[in-house]
Amino acid sequence: MEARNRPLKDWYGKIQRGEIKLPRFQRYEAWDRQRIASLVETVVHDLPLGITLTLEVGDKEQFISRYLETTAPREGQRVLEHLLDGQQRLTALWRVFHNNYDWEKYFIYLQEFDNYDKDREQTDLTVYFRGRYLKNGEKYPIWCDDPAQCLQRGYIPTDLLKPEEMQKEIDEWVQKAATSREFGESKDELKKYYDFQKRISDSIKDLRSVIANYNLPYLSLPAETDKSIALDVFIKMNTNSKPLSQYDVIVAEVESVMGSSLHDLHDSLDKKHPDIGKYGDLSDMLLNTSALLQGSLPNQRGAWDMDKTIMVRKWPVMEVGLFRMAEFLCSEGIYDRERLPTNAVLAVIAALYEHIPESGDKRGKDELLLKKYLWFSFFTDRYENSAATHAFSDFIAMKRIITGEKKENGSLYSVSDVPVFADHKLVEKEELLDAEWPKRWTIRGRAILAVVCRLGAFDFSTGEHLSKSNISSRHYHHIYPDALLKEAGVDSYTALNCALISDRTNMAIGRKDPLQYLKDRYEWTTQDIVKDRLESHLVPIPELANGGYEGLSDREKKEKIKKDFELFLKRRAELIMTAVKSLVEGKQISAATIFKDGKTGNGENS
């Protein structure tokens, strides 16, 4: 394999005729305006670009392919090459030389023609782009489509520079553009007019020559190159500014092995079951679940090791498993990735659904195990480290229980054989006191909030239950106001001091201290309703309503706020742990039952 030269006019012709296509696994356009402008300037100044990579096509294309964006070659044209690396550059050049971007137009600035004093100074032979917008059904600014106004600013539209025969269009543009200068009717003035036209035409001709003959070298892999080798070279040589993800590589491998488009399967699943993607990156969930279904670790290593043929063959199983996983999480009050304590559980649950029936007593029994597993995962340190390895071990053990596998001694596997249950204890309530604000990605902080989500807590103001339909409109609110705690030098951003309420409610209660808030709320409605709404968040009202800070010295006030807040946190931690102990047993919970079972107050054990 050696580098070869190819002028831009030849690249252009091959793309125009449909002789060059992109493997389907290539990304779509990703470059922004600035990078596109920089690319074109490089070409205009005849400076070198990086080398491109092609794969020659023999009798049959090795990869599923597509044409470059906005190209429309004739049907039936024989494909001669696949562009493995360089698609961002060639796509950008093709589109700039057609000026067919929807909301921007590109120009080359020539200083000698600039006769406009209302814009900024520019450097000769730079690329200028102008954003477009619709107004009264027309694209603005209107001057972008007016040759005379363009030339007055020194701008030559880049679509006049595409390396194909278009002299007629150029002559028409030059004739209109020349009207940007005023000339008299005398013979000398007429000569000046034609000289001006010739200067414009010659400048365009010079630019076209530079662009047409610009050398864009390439490496070419022969048609007989094995798919896996071509794929490996593609991965190593890819020059995209965004590094290839693991999923990009797997996509390429699947298409090289199966001839199936993984992108199409991915997009179809996302469209069919959009809720799955709410819990994390769909690509990662697909790879991790597929790895577990094949007995591999749910991580990058497992994705490399798994059989890509089996991945595609078992796609329907994986699709159903992920869909049922999303349904299960929703039933447990986990509605999206922002409220998910750890994503380590996702692939485990999805893969286990391969063995769980869709109805009947067996489904109920198996999902009881999943409930225990879910909440144990949230309230132990099981997935704080080595999450993939631990998830794999838990999956294997629970799969044995669900499928009824027996040990060598003939006994059935049970929860005592599952590491998450056997080797880990629930956290102590004291550990909850230091749990971080749940908007941050911490297992324990989000786990505390997950308990309240599971209860379907009422909004403080509207009384609306927290649900899948309104979770996105809920706001992380300090129960003990941030401003009050700051006065005492106390950190307010703890998980136990957080409640999810609507934005409107948050504005209504603002920065008020707990006691004042409660007084205001009792004036608006009955005490019983306010009590129900606060307790649905497992907010202990007596500890919240301590107050009485008026008339205290600054030191006394700070000490009392700090003590009251500590009592509040301890009491709420007790209530959360009361709920957790029921959840890890697979029991249903309600706020009323939790307050009844956790009878102690003021942060003291019974």
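Predicted model: local features only at pLDDT ≥ 70, side-chain atom pairs only at ≥ 80, totals over all residues.
**Stop 1: helices H19 and H25**

Select residues 443–454, which form helix H19, together with residues 554–583, which form helix H25. The two helices pack at an angle of about 70°, and their axes are 10 Å apart. Angles of 65 to 115 degrees count as roughly perpendicular, so H19 is roughly perpendicular to H25. The crossing of this pair is left-handed.

Next, show the side chains where the helices meet. On the H19 side, pick Ile-448, Val-451, Val-452 and Arg-454. Their counterparts in H25 are Arg-572, Ile-576, Ala-579, Val-580 and Leu-583. Sorted by class, this contact has 7 nonpolar and 2 charged residues, with no polar ones.

**Stop 2: His-478**

Move to strand E12, residues 474–478, and select His-478. Is this residue buried or exposed? His-478 counts as buried because its relative accessibility is 12%, and the cut-off for buried is under 20%.

Display the surroundings of His-478. Apart from neighbours within four places in sequence, His-478 is in contact with Trp-437, Ser-492, Tyr-493 and Asn-497. With Ser-492 there is a polar contact, side chain to side chain, at 3.2 Å.

**Stop 3: Lys-236**

Go to helix H7, residues 227–237, and select Lys-236. Lys-236 has 65% relative accessibility and therefore counts as exposed, the cut-off being over 50%.

How values were computed
Residues numbered from 1 in each chain as written. Heavy atoms only, no water. Axes fitted to C-alpha atoms, helices over the stretch in contact; angles between N-to-C directions. Helix = DSSP H or I, 4+ residues; strand = E, 2+ residues; numbered from the N terminus. Parallel < 35°, antiparallel > 145°, perpendicular 65-115°, else oblique. Left-handed = near helix turned anticlockwise from the far one by under 90°. Contact = heavy atoms within 4.5 Å. Nonpolar A, V, L, I, M, F, W, Y, C, P; charged D, E, K, R; others polar. Buried < 20%, exposed > 50% of the residue type's maximum accessible area, 1.4 Å probe, protein only. Polar contact = N/O pair within 3.5 Å; in protein donor to acceptor, adjacent residues only side chain to side chain.
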